[in-house]
Amino acid sequence: MIDWQSKANEQKDEYLNDLTSLIKIPSVRDDSQATDEFPLGPKPAQALNAFLEMAQQDGFKTKNIDNLVGYAECGDGDETLAILAHVDVMPAGEGWDTDPFDPVIKDGNIYGRGASDDKGPGLAAYYALKTLKAMGVKFNKKIRMIFGTDEESNWTGMKRYFEVEPEPTYGFSPDASFPLINGEKGNVSLQVNFGGNTKGDYILRSFDAGIRPNMVPFKAVAKIETAEGKQLARDFGEYLLSQPVSGTATLQDDGVELELIGKAAHGMEPEKGLNAGTFLAAFLSQYEFTESAHDFLTLLGTKLHLDTRLNNLNMNFKDDVMGELTVNVGMMNFNADDGGTIDLNFRYPKGLNADKLTSELSEAISPMSATVTHGDAMEPHYVSPDDPIVTTLMNAYQEQTGDSDSKPEVVGGGTYGRMMKRGVAFGALFPDTPNTMHQVNEYQPVDQLILSIAIYMQAIYDLTVTE
């Protein structure tokens, strides 16, 4: 029997060197720098090409599709195993203890944007495949390691892959947690749109929170025009004393600017964060703002605040297999002259769809002067626990970790695995390890990343050699 963990440990130094180089590329999608050559901006393409150059040097067949997506290929056969990862990362945000794009290892953890989501796990899966190839393993299937460049936004790259390349037989995405995720809730963002408002004793000149729909906002800033600025600032200080957040008030000639600091978290588990936007709106909603500003703050501060299951709007829903409907209030913007938008990122089980959610939300807020629209939706995805892709991967995880109690899970997160009929998410966050994806000070334990290489090695071997 092959000692997979020994093989993985042999790769540790080289793996960490390559991971450090990848994290140093700030591969955040940036449409402001988009060109014909770099449709998502230059940095995601730089990270993609770094991966592909690495794979080419290691003897893989590679292909770059429009600087949107690419793959490394080996093996041969009528069936294809796909391993889908992504090289783009979330914006770093504020509040890091270290430079998010200059990774450091301390206390056994590697810190940096992408260490956990998804450069660390993606590279671990690549190293598993690379090591098997170097061992001379003869695969009975074609294997493609596919790298997308905008998983953290709207999946333009991976959608392009599935438009121009054959669909794989089955596969997994190393972009979530162990032991295995065989079900993913539907995912859609609904936008609540408000008009402007320039009248009243309190005028909401601006309100801004959030940088991505699938991330709990870390910071919120509001500018209020009022003759009661000093009193509002004092009230804000008292409010902060009773809340698990922090902030500052800055007096201005025509009012006050309020800044509130919460805690970021992944949008699939919004209850693990402290939403700076809704906390700030909860404070402001007690004042006599008028018309659209009143509706904007009321919805945020009294209906959505601390209610990730939408009980306050009577929209709570639960499926016996896939669990509860959840919502993340990801982005909030208001301007007195132009109006505002609240972006609600829904993770929904089977039994719901985007049109139904839009209709229900429109009805729930019908007394307000607001409209609701929705973007592209991903429907719920589920693979039977008895499917060989599930049983084989679970066996590899259990044999390498000794964890025989964990079972496949259904989660609110969305991974590339759902793009395949027989696709799942597989690692690399271990049970009981804090999830710092989309948060400041993102990290992953180094030893767990190396163990994940061993798990992926056995999994790929069992799927393409011994099956």
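The questions and answers below concern a predicted model.

Q: Why is Ala 227 called exposed?
A: The term exposed is kept for a relative accessible area over 50%, and because Ala 227 has 78% relative accessibility, Ala 227 counts as exposed.

Q: What makes Phe 194 and Phe 296 an edge-to-face pair?
A: Rings pair if their centres lie within 6.5 Å, and planes over 60 degrees apart count as edge-to-face; the centres of Phe 194 and Phe 296 are 5.5 Å apart and their planes stand at 85°, so the pair is edge-to-face. The pair links distant parts of the chain, with Phe 194 in strand 10 and Phe 296 in helix 8, 102 residues apart.

Q: Why do Phe 194 and Phe 296 count as buried?
A: Buried means under 20% relative accessible area. Phe 194 has 6% relative accessibility and therefore counts as buried, and Phe 296, at 0%, therefore counts as buried as well.

Q: Why is the pair of Phe 51 and Phe 147 called stacked?
A: Planes under 30 degrees apart count as stacked, provided that the ring centres lie within 6.5 Å. For Phe 51 and Phe 147 the values are 4.1 Å centre to centre and 15° between the planes, and the pair is stacked. Phe 51 lies in helix 3 (residues 42-57) and Phe 147 in strand 6, so the pair ties together parts that are 96 residues apart in sequence. Both Phe 51 and Phe 147 are buried.

Q: Which residues do ring pairs link into a cluster with Phe 51 and Phe 147?
A: The cluster joined by ring pairs consists of Tyr 15, Phe 51, Phe 60, Tyr 126, Tyr 127 and Phe 147. In total, the structure holds 25 aromatic pairs.

Q: What makes Lys 133 a charge over the ring of Phe 60?
A: The distance part of the criterion asks for NZ of Lys within 6 Å of the ring centre, and Lys 133 lies over the face of Phe 60 at 5.2 Å from the ring centre. The charged end of Arg 144 likewise sits over a ring, that of Tyr 71, at 3.9 Å from its centre.

Q: How do you know that the buried residues of helix 5 are on the same side?
A: The buried residues of helix 5 (residues 156-164) are Gly 157, Met 158, Tyr 161 and Phe 162. They cover an arc of only 135° around the axis, which puts them on the same side of helix 5. What covers these buried residues includes strand 1 (61-65), strand 2 (69-75), strand 3 and strand 6.

Q: Why are strand 13 and strand 19 said to stand at the edges of their sheet?
A: The open sheet has 8 strands in the order 13-14-12-11-17-18-10-19, with antiparallel pairing. Strand 13 (246-252) and strand 19 (370-374) each have a single partner strand, so one side of each is left without a neighbour in the sheet. Neighbouring strands of this sheet are turned by 20° against each other on average, direction ignored.

Methods:
Residues are numbered from 1 along each chain as its sequence is written. This is a predicted model: local features need pLDDT of at least 70, side-chain atom pairs count only at pLDDT 80 or more; totals for chains, interfaces and linings use all residues. Side-chain values use heavy atoms; hydrogens and water are left out. Buried means under 20% relative accessible area, exposed over 50%, partly exposed in between (1.4 Å probe, protein chains only). Helices (H or I, at least four residues) and strands (E, at least two) are DSSP runs, numbered from the N terminus. The arc is that of the directions from the helix axis to the C-beta atoms. Contact means heavy atoms within 4.5 Å. Two strands pair if DSSP finds at least two bridges between them. Axes are lines fitted to C-alpha atoms, for helices over the stretch in contact, and angles run from 0 to 180 degrees between N-to-C directions. Rings of Phe, Tyr and Trp (its six-membered ring) pair if their centres lie within 6.5 Å; planes under 30 degrees apart count as stacked, over 60 as edge-to-face and the rest as tilted. A charge sits over a ring if NZ of Lys or CZ of Arg is within 6 Å of the ring centre and within 35 degrees of the ring normal.
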